[in-house]
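Please look through the following structure with this briefing beside you.

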Amino acid sequence: MIIEKFFNKWIMFFLLLIPTCGVIFDEPYFITLATKVVILGIAGVGLNLALGYCGLISLGHAAFFGIGGYITGILSFHALNDEVLFSWPLVVSGSSEMLIIWPIAILVSAFFSFIIGLLSLRTSGVYFIMITLAFAQMLYFFSISWPNYGGEDGLSIYMRNSFPMLNTMDPLTFYIISLFWFLFSIFISLKLINSPFGMSFQAIKQNEERVKSVGIETFKVKLLVFVISGTITGLAGSLYTDLNRFVSPTVLDWQTSGEIMVFVILGGMARLYGPLVGAAFFIALEQTLGSYTENWQFWLGLILILVILYARSGILGLFDKKLKHEK
Amino acid sequence: MKNKILNIKNLSKSFGAFKVTDEIAIDLNFDEIHALIGPNGAGKSTLIKQIVGSVKHDIGSIVLDQEDITDLNDVERAKIGISRTFQVSSIIPKFSSLDNIILSLLDKSKETFQLFKSIRENKELNSKAKNILREIELLDKKDIAASELSHGDRRKLEVGLALAMDPKVFLFDEPMAGLDESGTKMMINLFKKIKSNSPILLIEHDMDAVFALADRVSVINYGKIVATGTVDQIRSNDLVRDVYLGYEI
């Protein structure tokens with residue numbers, strides 16, 4: 001744990017160093033890449049709570065990522081076009097204010113996480129994986145068949161949503177906003193895993209029957225973890241739409257769920273910064289190998305196989321072991 | 001009826017054509033240790049599972065402290081006061097001994113859904129857990145992961161988990177299996193001490209321990225209770241000697 005804390009400090013250092021280098025060398029692309037890593041890291045931090053700490057293998061987190069993304073896109077689209085969102089029972093218009101969009105994205109993601117969790121958590125194992133996947137795929141096909149918001153082509157929002165007194169179009173400013181949310185999601189995760197509630201869901205991962213036998217309502221615990229997890233992932237989806245100024249059904253696709261899971265597994269399950277490291281590794285591979293071949297995922301697959309076979313604690317776990325031996 | 005904390009009537013369970021428990025009637029008085037003995041496969045552990053609610057019975061009724069709990073699920077039964085140990089040690093392997101006990105204290109202290117309060121800063125929970133570890137002689141191993149404990153220590157820890165719940169009844173499934181002599185002695189003394197607060201239904205193969213502890217003994221064979229009585233009555237029961245104890249006792 002002490003070694004992991006040491007690594008976490010280095011990770012924080014890099015989170016500040018990379019955008020600084022981007023500014024110094026006038027390479028805004030690096031800042032945008034770092035922002036993407038941080039946002040995908042948030043999605044991973046969300047999934048890590050359910051998967052890494054509670055053992056809930058969800059293949060449906062793209063649903064929450066996409067819901068957050070589409071809420072942002074739709075609200076922004078209506079604001080930019082000056083159209084009302086709906087006019088009954090109340091007249092509600094869109095918004096391009098992040099301070100309005102974020103709470104709505106969070107609430108709607110939480111609501112869908114609750115509904116999906118309520119139904120999915122009645123199952124376990126492979127059935128749970130399949131049912132979460134099925135929910136996400138339903139939303140994916142729904143988004144494709146929704147022509148009002150671009151259908152298969154997606155929805156462009158042209159202007160990034162605004163934040164009082166900040167220029168969100170400036171890459172560094174948006175990076176700082178995303179970094180704030182990343183650190184907030186880490187803070188929430190840290191608080192949770194050290195709480196009695198966190199103790200309960202970490203115990204469920206190891207021995208649910210025993211947890212039930214001491215009178216803990218494991219269904220309620222898992223449902224709450226799933227809702228918090230989905231909500232954090234939904235927030236990441238909201239930021240992702242603002243980063244790209246575009247949202248499409250791809251964010252709801254099962255491949256997105258798989259990628260978020262890859263971030264968690266690559267970086268290290270049940271490690272606070274694991275998903276960020278996993279996302280950074282993923283993006284680095286995409287950028288380097290992707291410039292040589294469009295089938296770069298072949299190498300990702302190979303690395304994933306090696307990680308699962310020889311480094312189940314992920315990249316952070318590898319360094320952790322190495323340092324422990326050196327000590 | 002008034003002096004019975006647990007009253008089980010007509011409890012039956014079949015897996016296909018095989019009757020695992022057959023019209024079991026057994027009760028537990030206040031201040032009592034009631035031992036349940038019988039050969040392997042007789043249905044003892046399945047009976048425990050039916051009482052705690054992890055295996056659904058076909059027919060029968062279970063009353064705990066005047067309350068019919070027959071239709072409650074396993075978590076609800078644990079909440080209202082049934083605490084158990086498992087035949088094969090069931091602990092949270094990556095948690096320390098201390099954290100295993102704290103986990104067991106959470107529901108009773110209504111802390112399970114405390115989302116942002118640090119468990120380390122909860123002095124009351126930590127102190128209660130340490131007291132229980134002291135009682136089961138594991139305080140010096142409080143920081144050791146449960147998976148690293150010896151088999152005997154895991155059995156003690158399981159009893160500690162049950163104690164932490166401060167239940168109405170204990171259901172102990174072979175708690176002394178794998179314990180050395182001093183461990184068994186500690187457990188016997190502990191059980192004698194706690195039975196006045198929470199009576200014990202005890203499944204145990206260590207007959208010395210059973211005879212040292214039990215106020216009453218029931219013998220189960222092929223899913224049926226074949227005899228119930230005091231230790232002396234059971235010892236001298238020919239049928240019991242035939243099905244379980246053997247003539248050398």
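Six strands of chain B, in the order β6-β7-β8-β3-β9-β10, form an open sheet whose pairing is mixed; strands (DSSP runs of E, at least two residues) and helices (runs of H or I, at least four residues) are numbered from the N terminus, and two strands pair if DSSP finds at least two bridges between them. This is a predicted model, in which local features need pLDDT of at least 70 and side-chain atom pairs count only at pLDDT 80 or more, while totals for chains, interfaces and linings use all residues. Residues are numbered from 1 along each chain as its sequence is written, and chains are lettered from A and ligands numbered from 1 in the order in which they are written.

**The six-stranded sheet of chain B**
- The edge strands of this sheet are β6 (82-84) and β10 (224-229) of chain B, each of which pairs on one side only.
- Neighbouring strands are turned by 20° against each other on average, direction ignored; in general, angles here run from 0 to 180 degrees between N-to-C directions, and axes are lines fitted to C-alpha atoms, for helices over the stretch in contact.
- Strand β9 (residues 216-221) of chain B runs antiparallel to β10(B) and is joined to it by 5 bridges, and B:S218 has B:T228 in β10(B) as its bridge partner.
- Helix α1(B) packs on this sheet, where it touches β3 (33-37), β6, β7 (169-173), β8 (200-203) and β9 of chain B, and its direction makes about 150° with that of β7(B); a contact between two residues requires that their C-beta atoms, placed from the backbone, lie within 7 Å.

**The four-stranded sheet of chain B**
- An open sheet with antiparallel pairing has 4 strands in the order β2-β1-β4-β5 (chain B), and its edge strands, each pairing on one side only, are β2 (18-29) and β5 (67-68) of chain B.
- Strand β1 (residues 4-15) of chain B and strand β4 (residues 59-64) of chain B run antiparallel and are joined by 5 bridges, with B:L64 in β4(B) as the bridge partner of B:L6.
- Helix α1 (residues 44-52) of chain B packs on this sheet as well, touching β1, β2 and β4 of chain B, and its direction makes about 65° with that of β2(B).

**Helices packed in chain A**
- Helix α4 (residues 98-120) of chain A and α8(A) pack at an angle of about 140°, with their axes 8 Å apart.
- That angle makes α4(A) oblique to α8(A), where under 35 degrees counts as roughly parallel, over 145 as roughly antiparallel, 65 to 115 as roughly perpendicular and the rest as oblique.
- The contact of α4(A) with α8(A) has 12 nonpolar, 7 polar and no charged residues; here Ala, Val, Leu, Ile, Met, Phe, Trp, Tyr, Cys and Pro count as nonpolar, Asp, Glu, Lys and Arg as charged, and the others, Gly among them, as polar.

**Where the chains meet**
- The contact takes 30 residues from chain B and 20 residues from chain A, and α3(B) gives the largest share of the side of chain B that touches chain A, 5 residues.
- By class, that side of chain B has 16 nonpolar, 5 polar and 9 charged residues.

**Confidence in chain A**
- The mean pLDDT of chain A is 92, and 97% of its residues reach 70 or more, pLDDT being the predictor's confidence in each residue, from 0 to 100.
- Among the elements of chain A, helix α12 (residues 314-326) has the lowest mean pLDDT (70), and helix α8 (residues 218-244) has the highest (98).
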